[in-house]
Amino acid sequence: MSRTPLGLVVVTAGHLLVACGGTAGGAADATPAIDAAPVIDAAPVIDAAPVIDAAPACAPVGYPGAVAPASRDLAAPFPLTLGGPGDRCAQIQAALIDPARQPPELAGLDTTATTFACTHDALTDREIVRVRAAGYQGLHLFGLVQDALVHVDARDVVVFLHADFLPTGATVAAACLPEEVLRGAAIGAPLDYQRFAACAPQGGGSYPVAADDVLELGRDGYFLDDTGHLRRVREVEVYLAPAHVDGELINSDLYCCTGPSLDHCVGRRLLVDALTGEVVGAEARCITC
């Protein structure tokens, strides 16, 4: 080995041979073994947070199924058989939801959660009865107003009827997603809103649901979506954390507060599909204007 005027070290072939474990004119000591760097145990594996499928495969093939709402008008005057407790209006109401006495146009109307309004029209001498049915096959029905308007004359004959409802009989699989998945589906969902100034619309906006907003499960039910498909759903009540409520949201239709507190009053009701985990609908909690 020699040093050049530039200070570079030159390795001769003989030295290279020795360095590689060969000989240069004689046996050379083998290069001493260098202990390998100690193996450091890998950092322990920390179990990742469980990933919850946004849409687990618990929905059967063909779900959701398409169903057709009924819109029916009276085909012919229909005599009611009245009787039982209450005044005439109460007896008419009882007859309208009794399968053995109701007009055939109301067959298939779920009457397990019905409300009534009955008024007498002096000009025509008729009872005007409004029937509102909120349920469907034992659960609340979202997405479709089920009602009937019925006129009954002084002879106890139905002379006018128009009804819109979802006939009973549609088959929908049971809900299968756990509650934590249903609540979690709401996080990140947009709450679309309309801004107002003295009840004059000022344009829309959208708020993405945050993880620290209050999410409470509400009613089980069915939802007829805007494509005519019947879904099994669960309400998720979304209440914005007060720290997220600004002046724009206070002047929007998300604001449903009746006092100075912002707790449990700003937000919207979301409908989450209980088989797929999708947010499929939303409802306002109050009417602001």
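This is a predicted model: local features need pLDDT of at least 70, side-chain atom pairs count only at pLDDT 80 or more; totals for chains, interfaces and linings use all residues.

Q: Good to know. How many helices and strands does the chain have?

A: The secondary structure comes to 4 helices and 17 strands.

Q: And how much of the chain is buried?

A: Buried residues make up 33% of the 289 residues. The chain exposes about 16300 Å², and carbon and sulfur atoms supply 59% of that area.

Q: What share of the contacts with a separation of 6 or more comes from residues 24 or more positions apart?

A: That share is 57%.

Q: What happens in the turn of the β12 and β13 hairpin?

A: There are 2 residues between the strands, and A198 takes a positive phi near 50°.

Q: How many bridges join β16 to β17?

A: There are 4 bridges between strand β16 (residues 267-273) and strand β17 (residues 279-283), which are antiparallel too. Here L271 stands opposite G281 in β17. This hairpin has 5 residues between the strands, and G277 has a positive phi near 80°.

Q: Switching topic: what volume does the largest pocket have?

A: The volume of the largest pocket is about 160 Å³. It is lined by 13 residues, and those closest to its centre are A134, H140, L141, L144 and V145.

Q: Which strand gives the most to that lining?

A: That's β9, with 3 residues. Both β7 (126-133) and β9 (139-142) supply at least two lining residues each.

Q: What classes of residue are in the lining of the largest pocket?

A: By class, the lining has 6 nonpolar, 3 polar and 4 charged residues.

Q: Okay, I was also looking at F160. Where is it found?

A: F160 is in strand β11 (residues 157-165). Leaving out residues up to four places away in sequence, F160 touches L74, L149, V150 and H151. F160 and A76 are 84 residues apart in sequence, yet their C-alpha atoms are 8.7 Å apart in space.

Q: Why does F160 count as partly exposed?

A: Because its relative accessibility is 34%, and partly exposed runs between the 20% cut-off for buried and the 50% cut-off for exposed.

Q: What about D156, what is its phi?

A: D156 has a positive phi of about 70° although it is not a glycine. You'll find D156 in the loop between β10 (146-152) and β11. At 22% relative accessibility, D156 counts as partly exposed.

Q: And where is H264?

A: H264 lies in the loop between α4 (247-250) and β16. H264 is not a glycine either, and its phi is positive at about 55°. With a relative accessibility of 44%, H264 counts as partly exposed.

Terms used:
Residues are numbered from 1 along each chain as its sequence is written. Side-chain values use heavy atoms; hydrogens and water are left out. On a 1 Å grid over the protein atoms alone, a cavity is a set of points where a 1.4 Å probe fits but cannot get out, and a pocket is an open set with protein on both sides within 12 Å along at least five of seven lines; lining residues have an atom within 4 Å of a point. Grid points are joined across faces, edges and corners, and a volume is the space filled by probe spheres set on the points. Ala, Val, Leu, Ile, Met, Phe, Trp, Tyr, Cys and Pro count as nonpolar, Asp, Glu, Lys and Arg as charged, and the others, Gly among them, as polar. Two strands pair if DSSP finds at least two bridges between them. Buried means under 20% relative accessible area, exposed over 50%, partly exposed in between (1.4 Å probe, protein chains only). Contact means heavy atoms within 4.5 Å. Accessible areas come from the Shrake-Rupley method with a 1.4 Å probe; for residues, only the protein chains shown count as cover.
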